[in-house]
Structure formats: structure tokens, C-alpha cells
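This briefing covers a surface patch, a loop residue and a salt bridge, in that order.

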Amino acid sequence: MERFLENAMYASRWLLAPIYFGLSLALLALSLKFFQEIFHILPHVFAKSESELILVLLSLIDMALVGGLLVMVMISGYENFVSQLDIDEGKEKLDWLGKMDSGSLKMKVAASIVAISSIHLLRMFMDAQQIDNVKLMWCVIMHMTFVVSAFAMGYLDKLTKHDH
């Protein structure tokens, strides 16, 4: 009975595979939205002010960061929790494949969240005249919470790795 339960629990990791595949569909949706934004802005690029163009570009950078985050979580999560990726010799292989454990993935996710939050906050600051001060203050507080959390996670990770 114990052996059956252990095998069933170990096999249940494959329930994560469709979730990671779903992230690839989310990446496709994000890519479509990215190019929709590009095609929307290009005909009007000369009519936009510099600050309006910068806001659109920051939005595109934001989408690129989210896309990178999706790829990191999708691939390294699959490798860490489901199965190793079998990539043929001679095919391009990402440098970090097989090297990112759940701790380093957590740190990369935290750093990405801080970067995404920074871009969102910068977009808000560029349009600060139209945003309520209280809302702006809460966004800064949330951003600083992300920064402090990422720093604390990194510090704790360094402490635990130093002890081993």
C-alpha cells in the first residue's frame, strides 16, 4: 500500500505538465497583444508626443519582462518538478537550463516582479498629473514592499546557502 501511494504521488507531478503548457498559451496571448500594440502605435508614431511614445514603449518593455518571466517559470518549473528536457545535441540550448533550482527560480521571479513594478510605477509617474496622490502613494508602498521582499528573500537565500 505504501509503495502504491508513493508511486501515485510521484506520478502526480505530471499533473503540472498541462499547467506549464498553459503558460506557453499565455505567452502566445501576450505575444499577440504585444504585436497588436506595435501595429496600433506605428501609424500614429509621428502624431504622438515624446511622453506618450515613452509610455507605450514602457508598456512594451513590461510585456517583454512578463514574457521572459513566463518562459523562466514554464521551463524551469517543468524541469524542476516534472521531467528533464531532452534537447538534441546540436540544437540551441538555453544557458540556464538544468541549472535553475526552485530557490534561484524564486529569486528570478522576485527580481522580475520588482522590474515589472518599477516600469509600472515609472509609467504612473510620467502621467502623475492625472493620478490621485493617494493612489500614487499606495503604488509606491506596494513597489517598496516588492523591493524589500525580494531583498529579504535574497538575503535569506544567501544565509542558507552560506551555511551549507
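Phe21, Leu25, Leu28 and Leu32 form a nonpolar surface patch with about 440 Å² of accessible area together. The model is predicted: local features need pLDDT of at least 70, side-chain atom pairs count only at pLDDT 80 or more, and totals for chains, interfaces and linings use all residues. Residues are numbered from 1 along each chain as its sequence is written, and side-chain values use heavy atoms, with hydrogens and water left out.

**Nonpolar patch**
- Patches consist of residues with over 30% relative accessible area and no salt bridge; like charges are joined within 9 Å, and nonpolar side chains (Val, Leu, Ile, Met, Phe, Trp, Tyr) within 5 Å.
- Accessible areas come from the Shrake-Rupley method with a 1.4 Å probe, and for residues only the protein chains shown count as cover.
- Leu32 belongs to helix α2 (residues 17-41); helices (H or I, at least four residues) are DSSP runs numbered from the N terminus.
- Leu32 has a relative accessible area of 57% and is therefore exposed (buried is under 20%, exposed over 50%, partly exposed in between; 1.4 Å probe, protein chains only).

**Arg13**
- Arg13 sits in the loop between α1 (2-11) and α2.
- Its side chain reaches the backbone oxygen of Tyr10 at 2.9 Å.
- Apart from neighbours within four places in sequence, Arg13 is in contact (heavy atoms within 4.5 Å) with Phe81 and Val82.

**Salt bridge**
- The structure holds one salt bridge, defined as a side-chain nitrogen of Lys or Arg within 4 Å of a carboxyl oxygen of Asp or Glu.
- The side chains of Asp62 and Arg123 form this bridge at 3.8 Å, N to O.
- The pair links distant parts of the chain, 61 residues apart: Asp62 in helix α3 (residues 50-81) and Arg123 in helix α4 (residues 102-126).
- Asp62 counts as buried at 13% relative accessibility, whereas Arg123, at 25%, counts as partly exposed.

Notes: Helix = DSSP H or I, 4+ residues; strand = E, 2+ residues; numbered from the N terminus. Polar contact = N/O pair within 3.5 Å; in protein donor to acceptor, adjacent residues only side chain to side chain.
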